[in-house]
Amino acid sequence: MFSALAVGESRIEGLLEGEDVLATAAAMRAMGADIVRGDDGVWRVHGVGVGGLLQPQAALDMGNSGTSTRLLMGLVASHAITATFTGDASLSGRPMGRVIEPLSKMGADITSSPGGRLPLMVRGINPAVPIEYTLPVASAQVKSAVLLAGLNTPGITRVIEPVPTRDHSERMLRGFGAELTVEDGPNGKIISITGEAELKPQHIMVPGDPSSAGFWMVAASIVPGSEILIRNVCMNPTRTGLITALKLMGADITEIDAREVGAKRSPTCAFAMRR
């Protein structure tokens, strides 16, 4: 998504080519981005720039991806385009009201099926209205949707987060050049993004998923004599709860070669685990 909003070519290596990601790529293509997977497995994205999304000619089929749907609703909300979102039976049963509420406050006109469900239509507006929105329930998806809408909204859009959630969007937005700040406030974290941003293309190395790595961490922790090395796994602070729990239970886990990759904001590391 961010590469599609940058001007120029971004290269993405290590992309998880699951159905959710492919649905997102198809949606961004439908709105003007040039996205190609090379024979070398590297994805190359030529973006349209913030504010440059085009009117899709057909409904955007998001399959089973709730994350893609909610974040793309945010993108569309502050562009002068209309997009219809559809999905499979499972996705169509999930309510989207928590995203509809803040995006409507920014000026988007959203028509949904009963209960705030898919299919739904988002009529974006430009310029949208910057808002200050306190998350009623901890949700990285809602937070990210509002921040993405704020990318193309004049002024400063703020999200107040009483309970911390995953911060991948904030890290990646900064890495792509957006003006975004995070500070402590009396009611939680205040994430502020300055609109009408100009994102710069990046070379992205996607770190490994700590949820997938977790099975191997647990296995090594409970089988005597085990020692494994897990390379290039994401270690963002909001994703390390399992490691903290395992250490409290006596697992010997060592972090090796910590560094930042993925738009320069996504830490990864390797582990040695012994029992």
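Student: Where does Ala 213 lie in this predicted model?

Tutor: Look along helix α7, which spans residues 210-222: Ala 213 lies there.

Student: How do I read its accessibility: is Ala 213 buried or exposed?

Tutor: A residue counts as buried when its relative accessible area is under 20%. Ala 213 has 7% relative accessibility, so it is buried.

Student: Which residues does Ala 213 touch, leaving aside those up to four places away in sequence?

Tutor: Ile 230 and Val 233. Both touch Ala 213.

Student: Let's move to a loop. Where is Asn 236?

Tutor: Asn 236 sits in the loop that links β13 (227-234) to α8 (241-248).

Student: What does the side chain of Asn 236 make a polar contact with?

Tutor: The side chain of His 168, at 2.8 Å.

Student: Now the sheet: in what order do the four strands run?

Tutor: Read across the open sheet as β2-β3-β1-β12, with mixed pairing. β2 (34-37) and β12 (203-205) are the edge strands; each has a single partner, so one side of each lacks a neighbour in the sheet. On average, neighbouring strands here are turned by 15 degrees against each other, direction ignored.

Student: How many bridges join β2 and β3?

Tutor: Four, and the two strands pair in the antiparallel sense. As one example, Ile 35 has Val 45 in β3 as its bridge partner.

Terms used:
Residues are numbered from 1 along each chain as its sequence is written. This is a predicted model: local features need pLDDT of at least 70, side-chain atom pairs count only at pLDDT 80 or more; totals for chains, interfaces and linings use all residues. Side-chain values use heavy atoms; hydrogens and water are left out. A polar contact is a pair of N or O atoms within 3.5 Å; within protein, one must be able to donate a hydrogen and the other to accept it, and residues adjacent in sequence count only if both atoms are side-chain atoms. Buried means under 20% relative accessible area, exposed over 50%, partly exposed in between (1.4 Å probe, protein chains only). Contact means heavy atoms within 4.5 Å. Two strands pair if DSSP finds at least two bridges between them. Axes are lines fitted to C-alpha atoms, for helices over the stretch in contact, and angles run from 0 to 180 degrees between N-to-C directions.
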